Amino acid sequence: MSRKKTAKGKSSNSGPTAKGKDSGKSGKGTPGTEALSNGVVHPSRPSLSNSGEFYDLAFKVMLVGDSGVGKTCLLVRFKDGAFLAGSFISTVGIDFRNKVLSIDGVKVKLQIWDTAGQERFRSVTHAYYRDAHALLLLYDVTNKTSFDNIQAWLTEIHEYAQQDVVLMLLGNKADSTHQRVVRREEGEKLAKEFGVPFMETSAKSGLNVDLAFTAAAKELKHRSLKELSEPKFQLQEYVNKEMTKATSCCGS
């Protein structure tokens with residue numbers, strides 16, 4: 001994945017995280033995060049989210065973007081398959097949930113951090129950027145301001161996140177066709193400008209929600225295992241292929 005700007009003086013720290021049975025202690029860095037393991041596959045580690053689940057690799061994923069773009073709804077849809085209808089209290093500070101996915105036969109645990117978009121919590125969010133392996137940057141297709149602020153978010157990400165962090169741009173609330181003010185083409189153009197994968201999502205309908213997290217997990221897994229025997233994994237190509245497949249299926 002190419003990036004328009006390159007941060008200087010940052011060391012790459014893209015290995016997955018993992019915990020053993022006696023891992024009540026956190027590694028150094030962000031409170032609550034796990035110790036880095038330098039890309040080693042771990043045999044059947046128990047997941048924190050469910051004692052009955054096990055994982056081989058673990059990664060930290062952050063949801064970022066303006067307040068109200070649907071970060072919490074996207075997370076709940078992915079984790080629980082439910083939609084938070086109606087109004088609810090905005091995320092205060094930062095929260096996280098875990099989910100284990102099976103990626104090409106490898107159990108991958110995603111520790112997904114839901115961040116507050118309000119300016120007053122921004123300094124708290126900054127502290128978590130440096131340990132993130134992937135960032136899903138959201139805007140609301142019914143809110144032009146949230147789209148206009150994407151460039152500021154990207155600048156912030158380049159300043160605080162790891163240089164090789166997996167980054168995806170998501171245009172959320174794509175189900176709101178009558179309220180839409182940001183065209184899909186605008187999102188695609190901005191993503192192309194900054195060299196990041198793009199898709200539109202909907203926490204309400206579930207559109208591309210699983211795909212967004214699965215695509216990020218596949219990219220992280222391929223990077224971690226350094227699967228040189230296979231063709232290099234292309235995140236945007238995978239996303240385009242899966243979206244085309246879904247469209248063909250629904251249209252048939």
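User: What sort of model is it, and how is it numbered?
Analyst: It is predicted: local features need pLDDT of at least 70, side-chain atom pairs count only at pLDDT 80 or more, and totals for chains, interfaces and linings use all residues. Residues are numbered from 1 along each chain as its sequence is written, and side-chain values use heavy atoms, leaving out hydrogens and water.

User: Is strand E5 mostly covered or exposed?
Analyst: Mostly covered. Nine of the 10 residues in E5 (residues 106-115) are buried, meaning under 20% relative accessible area with a 1.4 Å probe, protein chains only. Strands here are DSSP runs of E, at least two residues, and helices are runs of H or I, at least four, numbered from the N terminus.

User: How does E3 run against E5?
Analyst: Parallel. Seven bridges join E3 (residues 57-65) to E5; pairing takes at least two DSSP bridges. Leu63 has Asp114 in E5 as its bridge partner.

User: And how does E4 run?
Analyst: Antiparallel to E5, with 10 bridges from E4 (residues 94-103). Asp95 is bridged to Asp114 of E5.

User: What's in the E4-E5 turn?
Analyst: The hairpin has two residues between its strands, and Asp104 in the turn has a positive phi of about 50°.

User: Switching to helices. At what angle do H1 and H6 pack?
Analyst: About 85°, with axes 9 Å apart, for H1 (residues 71-80) and H6 (residues 209-225). So H1 is roughly perpendicular to H6 (65 to 115 degrees).

User: Which residues meet there?
Analyst: Leu74, Arg77 and Phe78 in H1 meet Val209, Asp210 and Phe213 in H6, with contact meaning heavy atoms within 4.5 Å.

Terms used: Buried means under 20% relative accessible area, exposed over 50%, partly exposed in between (1.4 Å probe, protein chains only). Axes are lines fitted to C-alpha atoms, for helices over the stretch in contact, and angles run from 0 to 180 degrees between N-to-C directions. Angles under 35 degrees count as roughly parallel, over 145 as roughly antiparallel, 65 to 115 as roughly perpendicular and the rest as oblique.
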